Amino acid sequence: MYKINFTILNIIVTCARHFENDTIKEIKELLSELDDNSPEIILSEFSGILYINTVVEPAKLVRKIREKLEDEPWSIRYTMRVIPIYSVTKTDLVEITESVLKQLPKITKDQTYRITIEKRNSNISSSDIITNIANRIPNKVSLEKYDWNILIQIFGSMTGISVIKKNEILKIQSEKRQSLE
């Protein structure tokens, strides 16, 4: 099992299986352009997933890649998704809920939300997590046209959590398709 200090993890990057090393080079180059010459990039125990700790604000990396995609779409070849992580906790129902609640002040009373869970190597119940969180949020839920996404990334015993807007997750293929339209 790979060791990472999850408390400092702030970005997850996905790529095609077996292209992790190429993706690491690509991400290192991008972060270097943003003045981080020594990011911590670790191959996860899950094929196609990298854990990243950088001094660069995750949203800044997302903007940088979007700019690259506009100017040089061919320059991003291996990265598939860039997912900001704003807190990390143990995979425990109470701790996940508390971590989400700490990020909730971003959401105003009139805004909608959805809860998205991506689970790897864990038996924790997604429906229990959703119910426990949703019962604590007075806002309306909207699965299609939401203002905020409560993103819960479960990696075995550790969970990354982000309360983010739709456009804060970068999906490279979608961005490339949109630029062709």
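Glutamate 95 counts as partly exposed, because its relative accessibility is 31%, where buried means under 20% relative accessible area, exposed over 50%, and partly exposed in between, computed with a 1.4 Å probe on protein chains only. The model is a predicted one, in which local features need pLDDT of at least 70 and side-chain atom pairs count only at pLDDT 80 or more, while totals for chains, interfaces and linings use all residues. Residues are numbered from 1 along each chain as its sequence is written, and side-chain values use heavy atoms, with hydrogens and water left out.

Glutamate 95 is found in helix 3, which covers residues 93-103; helices (H or I, at least four residues) and strands (E, at least two) are DSSP runs, numbered from the N terminus. Leaving aside residues up to four places away in sequence, glutamate 95 touches Thr89 and Lys90, a contact being heavy atoms within 4.5 Å. From phenylalanine 19, glutamate 95 is 76 residues apart in sequence and 33 Å apart in space, C-alpha to C-alpha.

Thr89 and Lys90 are also among the residues that threonine 159 touches, again not counting residues up to four places away in sequence. Threonine 159 lies in strand 8, residues 158-164, and counts as buried because its relative accessible area is 0%. Its side chain makes a polar contact with the side chain of threonine 91 at 2.7 Å; such a contact is a pair of N or O atoms within 3.5 Å, where within protein one must be able to donate a hydrogen and the other to accept it, and residues adjacent in sequence count only if both atoms are side-chain atoms.

Five strands form an open sheet in the order 2-3-1-4-9, with antiparallel pairing, and two strands pair if DSSP finds at least two bridges between them. The edge strands, each pairing on one side only, are strand 2 (40-43) and strand 9 (170-171).

Strand 4, residues 79-84, pairs with strand 1, residues 11-15, in the antiparallel sense over five bridges, and strand 4 pairs with strand 9 in the antiparallel sense over two bridges. Arginine 81 in strand 4 stands opposite threonine 14, and its bridge partner in strand 9 is lysine 171. Strand 4 is largely enclosed by the rest of the structure, because five of its six residues are buried.

Helix 2 (residues 58-71) lies across strand 1, strand 4 and strand 9, running at about 150° to strand 4, where axes are lines fitted to C-alpha atoms, for helices over the stretch in contact, and angles run from 0 to 180 degrees between N-to-C directions.
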